[in-house]
Amino acid sequence: MTVAVQGGAERRGRGPRRGPLSRLKQSYDRHWYAWAMVTPVVAVLGLVVLYPLGRGVYLSLTNATSLNVGRTIGMNHIRSTYSWVGLHNYEQILSGADHEFWPHVGWTLVWTVSCVALTYSLGLGLALLINRQVRGRTMYRVLLVLPWAVPTFVTMFSWRLMLSDNGVVNSLLGAVHLPTPSWLSDPLWQKVAAIGVNTWVGFPFMMVSLLGGMQAIPGELYEAAEMDGATPFQRFRYVTLPGLRPVSNTVILLSVIWTFNQFNVIDLLFGNTGSDGVQILVTYAYQLFFGQQPQDFANSAAYGVIILSMLIVFAGVYRRWLNRSEQRVAG
Amino acid sequence: MSSVADRVTVDPAAPDQSAAARTGRVRRRGERSRAASLLLHGTLALTAIVAAFPILWIGYISLGPGTDDFLHPDRIAGRASLSNYSYVLLHTDFFTWFANSVIVGAGTMFFGVLLAASAGYAVSRMRFPGHRQLMWSFLVTQMFPVSVLLVPLYNIMSQLDLLDSYQGLIIIYCSTAVPFCAFMMKGYFDTIPMEIDEAGRIDGLSPFGVFWRLIVPLARPGLAVAAFYSFLTAWGEVAYASVFMLSSDKYTLSVGIQTFVSQYNQQWNLMAAMAVLVAIPAALVFYLVQKHLVTGLTAGGTKG
């Protein structure tokens, strides 16, 4: 009865061993409380995530569209008439028969990797600069965090104005005699614009996280390194980077997930003007559902299931890779 | 640049003053040369301008009174006025949408924090069977793309008659906010010493009592961050809100703002004014908590 709050007791294995009966009772007590506290969350997740996921998987195995799903119009109730098609949708998508999936996968990967790499390096660089004694540091920090602080549905409209054909970006480029591409409609420049804008949105998160990580590294380590004659680069390489590893691991994982699923930037930046090529998997699946008539429920759901599986596989591999490299460092 | 900035002259044999006299000028630890300083400030200033410019720009556009002023930004400076703001405030549904956003945000915040705190505490303190799987599923729910849940949720909500209602949207937002907040709260609870729990137990509190009377008051900063995070999630969300809120008196700000710029009308000036009005409270709230937000976030991650 005494250990409902004592999580470490089991692992540490201190104290006298009790009989099996009292251990069972004690474990029941502990788990009873824990489960009681966890139940509401599990219930909400079950209701809003698990059940819809189950239904989504089911829908992806049918040929449901907005035309054959049961609905009620006024007084008339229309019965569902869609039917089970098994793995047909997945076959169509994965075999490339719809000519949409693989190009979008390619672009999504390019998008995710370049956005995460750019935001991380930019964030790291700025965190290094701002971590020094700089006059006006607070002001810089406030300004640099702005892209994160203002909701994306506001800033994306601003970017749309700035990147339009006669917008301020092209005016500036024209003033210094650089080419002025149409950022919002040319297939190639659209992608450049998307990555650029998303980097703008994402770097403050990286900067603030890495800054927090840097400030947690004890100053003694730097002093010791200086005493040993380490150059600034060596101090960065052998003190700062290893010290940032735990933070980096987390933010990179989160950032990959968020970028992969980045809906707001692509959807709001390009709206209806975006060509099909700039849509990442998430926005493409959304358009299947919302952006066309009849709405294609089945394929949209199938895309969603595929996206989710890709992310889960990635997270699993990443976790395992992290564990292994941690063991290597520790060993 | 950093090589110049951080150079330290250490001459343990000589006292400081004579060393300084010999070499002329010696930079103390942390001091840097003029050029390095210039470069540092230059880089920071440039990035700060790039970071702030789009936001300032939309503020500037919002001052132009005519509907096509956004095409000729150079004209605005001469005829700047606040007429867009008064129009948005007086002649549109701004306050209805604002109230909707606040209701949905507050609802998400309340339920989100309540659920996340209890779950985070359980995962942080108790090693019950299934706690690893629970943490894992918190992470996995972060990965759910909008589209996998959108279709089934749409069907479910229409069956439950929750389309176009606050409750429906709040439940949905909770599903994204709660796992993340629970993740964050777990990290925060981990920083509170276990001895406090033990002391409470010895003094005769039940585990729930310990949680409610000791831990929750101590974790107030963490709770505040979770509250603001879930509020901001709801405040800025676009995809679900535009699918589930059908009638214009139920729109949240993020949906309402899009009505100014559609196929049928292009009122960028009004849109800009409203964007500024929406951004100010969100940014203020954000600045109050962003420092804690990151500590909570990374603490949860590193010890997970």
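Two residues are taken to be in contact if their C-beta atoms, placed from the backbone, lie within 7 Å. On this basis, 66% of the contacts in chain A with a separation of 6 or more join residues 24 or more positions apart. The structure is a predicted model, with an ipTM of 0.76 and a pTM of 0.79.

Chain A comprises 331 residues, of which 39% count as buried. Its secondary structure consists of 13 helices and two strands. Chain B comprises 304 residues, and 46% of these count as buried. In chain B there are 15 helices and zero strands. Among the contacts of chain B with a separation of 6 or more, 76% are formed by residues 24 or more positions apart.

The contact between the two chains draws on 81 residues of chain A and 83 residues of chain B. On the side of chain B that touches chain A, the most residues are supplied by helix H15 (residues 268-303) of chain B, which gives 15. By residue type, this side of chain B is made up of 58 nonpolar, 19 polar and six charged residues.

The largest nonpolar core contains 171 residues. Within this core, the residues that touch the most other members are B:Ala116, B:Cys181, B:Ala226, B:Met274 and B:Ala275. Helix H9 (residues 166-190) of chain B provides the largest share of the core, amounting to 16 residues. In soluble globular proteins, nonpolar side chains tend to be buried together. When neighbours within four places in sequence are left aside, B:Met274 is in contact with B:Val88, B:Phe94, B:Ile257 and B:Phe260.

The average pLDDT of chain B is 79, and 84% of the residues score at least 70. In chain B, the highest confidence is found in helix H6 (residues 94-125) of chain B, at a mean of 90, whereas the lowest is found in helix H1 (residues 2-5) of chain B, at a mean of 41. Over residues 1-24 of chain B, pLDDT stays under 50. For this segment, the model has 20 contacts beyond four places in sequence. Where pLDDT is low, the predicted coordinates should not be read in detail.

Notes. Residues numbered from 1 in each chain as written. Chains lettered and ligands numbered in written order. Predicted model: local features only at pLDDT ≥ 70, side-chain atom pairs only at ≥ 80, totals over all residues. Helix = DSSP H or I, 4+ residues; strand = E, 2+ residues; numbered from the N terminus. Nonpolar A, V, L, I, M, F, W, Y, C, P; charged D, E, K, R; others polar. Core = buried A, V, L, I, M, F, W, Y, C linked by C-beta atoms within 7 Å. Buried ≥ 20, exposed ≤ 12 C-beta atoms within 10 Å, placed from the backbone. pLDDT = per-residue confidence, 0-100.
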